[in-house]
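My notes below go from the fold down to single residues.

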Amino acid sequence: MNHVVLSPMGIQKPMGREIESMPAKKILVIDDDVAVCEVIKSSLEDLAGWDVITVHSPLQGLNQAITEQLDALILDVMMPQMDGLTLLHHLKANSHHSLIPVVLLTAKMNLPNLVTLGEFGVVGAIAKPFNALLLPDQITAFLQWT
């Protein structure tokens, strides 16, 4: 049985479970919920060692995605001002950013067909609420990082 070690520094690796080390990945998380962003950031940094940037506004996220060299984008679907799918359309209109793989994070499960979304770089979707301890493995599986 795996046990989780919690510390003031955030989520620590589950005891008895080793996550394979890989080169640090740069991930942008766009979600209007500050608490969700903090949980995702802690999970991906503490458990996987990735470099995580969080933003809470779709427009801010679009600007950040354009200026950063990213390995992946985690995108909330339902946000004020602009929903995640509209943001994705804007981002993918720029051919330089059309190759960034996207994982959707959503409480909305009636998404368009993932094959259709795949045309916009969507490689998978994770339902809210999610398990922060499993998040790095889920994202790795979607992105097929080894």
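The entries follow in the order in which I looked things up.

**Entry 1: overall make-up**

I note at the start that this is a predicted model. I counted the secondary structure of the protein chain and got five helices and seven strands. Reading from the N terminus, I wrote the order of elements down as β-β-β-α-β-α-β-α-β-α-β-α. The protein chain has 146 residues, and 45% of them count as buried.

In what order do the strands of the open sheet run? I traced five strands in the order 4-3-5-6-7, with parallel pairing. Strand 4 (51-55) and strand 7 (122-127) are the edge strands, and each of them pairs on one side only. On average, neighbouring strands of this sheet are turned by 20 degrees against each other, direction ignored.

I took one pair in detail. Strand 3, residues 26-30, pairs with strand 4 in the parallel sense over five bridges. Within this pair, I found Leu 28 opposite Ile 53 of strand 4. Helix 2 (residues 58-67) packs on the sheet here and touches both strand 3 and strand 4. The direction of helix 2 makes about 160 degrees with that of strand 3.

Is Ala 125 buried, exposed or partly exposed? Its relative accessibility is 24%, so Ala 125 counts as partly exposed. I also took a distance to Val 102, 23 residues away along the chain. The C-alpha atoms of Ala 125 and Val 102 are separated by 8.7 Å.

**Entry 2: Asp 31**

I moved to the loop between strand 3 and helix 1 (34-48), where Asp 31 is found. Asp 31 counts as buried because its relative accessibility is 1%, and the cut-off for buried is under 20%. What does the side chain of Asp 31 join by a polar contact? The partner is the side chain of Lys 128, at 2.9 Å. I listed the other residues that Asp 31 touches, leaving out those up to four places away in sequence. Among them are Val 36, Cys 37, Val 55, His 56, Asp 76, Met 79 and Leu 105.

**Entry 3: helix 1**

I tested the length of helix 1. At 1.5 Å a residue, its 15 residues should span 21 Å, and the end C-alpha atoms are 21 Å apart, so the two agree. At the start of helix 1, a side-chain oxygen of Asp 33 comes to within 3.0 Å of the backbone nitrogen of Ala 35.

Next I marked the buried residues of helix 1: Val 36, Cys 37, Ile 40, Ser 43, Leu 44, Leu 47 and Ala 48. Why do they lie on the same side of helix 1? They cover an arc of only 145 degrees around the axis, and therefore fall on the same side. An α-helix has 3.6 residues a turn, so residues three or four places apart point the same way. After helix 1 comes Gly 49, with a positive phi near 75 degrees.

I started in the loop between strand 7 and helix 5, the place of Pro 129. The peptide bond from Lys 128 to Pro 129 is cis, with omega near -5 degrees. I noted that this is the Lys 128 whose side chain joins that of Asp 31.

Helix 5 (residues 135-143) lies across strand 5 (72-76), strand 6 (102-106) and strand 7. Helix 5 runs at about 155 degrees to strand 7. Its buried residues are Leu 135, Pro 136, Ile 139, Thr 140 and Leu 143. They cover an arc of only 130 degrees around the axis, which puts them on the same side of helix 5. I looked up what these buried residues pack against, and found helix 1, strand 5, strand 6 and strand 7. Just after helix 5, Gln 144 has a positive phi of about 55 degrees.

**Entry 4: Gln 81**

My last stop was the loop between strand 5 and helix 3 (84-92), where Gln 81 lies. Gln 81 is not a glycine, yet its phi is positive, about 75 degrees. Is Gln 81 buried or exposed? At 66% relative accessibility, Gln 81 counts as exposed.

Methods
Residues numbered from 1 in each chain as written. Predicted model: local features only at pLDDT ≥ 70, side-chain atom pairs only at ≥ 80, totals over all residues. Heavy atoms only, no water. Pairing = 2+ DSSP bridges. Helix = DSSP H or I, 4+ residues; strand = E, 2+ residues; numbered from the N terminus. Axes fitted to C-alpha atoms, helices over the stretch in contact; angles between N-to-C directions. Contact = heavy atoms within 4.5 Å. Buried < 20%, exposed > 50% of the residue type's maximum accessible area, 1.4 Å probe, protein only. Polar contact = N/O pair within 3.5 Å; in protein donor to acceptor, adjacent residues only side chain to side chain. Expected span 1.5 Å × (residues − 1). Arc of directions from axis to C-beta.
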